[in-house]
Amino acid sequence: MKAIFLTNNKGNIDYVYGEKNINKLVSMTDIDTTPYCEEDILANPEKFKDVEYIFSTWGMPGGGEIKLTEYLPKVKALFYAAGSIRYFANEYFEKGVVITSAFAANAIPVAEFTVGQILLADKGFFHSSMLAKAGDYKKAS
């Protein structure tokens, strides 16, 4: 089972997956730990013709005129360690590729952060912090 990391922002792979998870994937799959981007696939399509599994995150290429699935004819599954897959998923679904996403895991922290920001705004935090930063502490209190 041949697998790759794919994202147009290669630094995201180490940030999102981390060394421990990358090592676990190495023990479970025949994964090339080099992060690849769309340009890499287009420049050397023969290298990727046997890829069956894609691990990705923010910056997943797709949704444009170039159909990467044409360059990845054997891909069976895409594991997306981020939220929404809308911008790239259709071409993979059309080829019968299974896609997993972290949208459910992201939903609660995103909702909590949003509520926190609303509460801070309601209490005038952002306006007060701008006044305090400008040195006008009396108006901020």
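**Entry 1**

I looked up K74 and found it partly exposed, with a relative accessible area of 46%. My cut-offs: buried is under 20% relative accessible area, exposed is over 50%, and partly exposed is in between, using a 1.4 Å probe and protein chains only. This is a predicted model, where local features need pLDDT of at least 70 and side-chain atom pairs count only at pLDDT 80 or more, while totals for chains, interfaces and linings use all residues. Residues are numbered from 1 along each chain as its sequence is written, and side-chain values use heavy atoms, with hydrogens and water left out.

K74 forms a salt bridge with D50, and the closest N and O atoms are 3.2 Å apart. The pair links distant parts of the chain, 24 residues apart: D50 is in the loop between helix 2 and strand 3, and K74 is in the loop between strand 3 and strand 4. D50 is partly exposed too, at 35%. I noted that a salt bridge needs a side-chain nitrogen of Lys or Arg within 4 Å of a carboxyl oxygen of Asp or Glu. Helices (H or I, at least four residues) and strands (E, at least two) are DSSP runs, numbered from the N terminus.

E70 counts as exposed at 52% relative accessibility, whereas K95 is partly exposed at 47%.

**Entry 1: strand 3**

Is strand 3 covered or uncovered on its faces? I found both faces covered: Y53 and F55 on one side, and I54 and S56 on the other, are all buried.

Strand 1 (residues 2-6) runs parallel to strand 3, joined by 4 bridges. Strand 4 (residues 77-80) is also parallel to strand 3, with 4 bridges. S56 is the bridge partner of L6, and Y80 in strand 4 is the bridge partner of S56.

Technical notes
Pairing = 2+ DSSP bridges.
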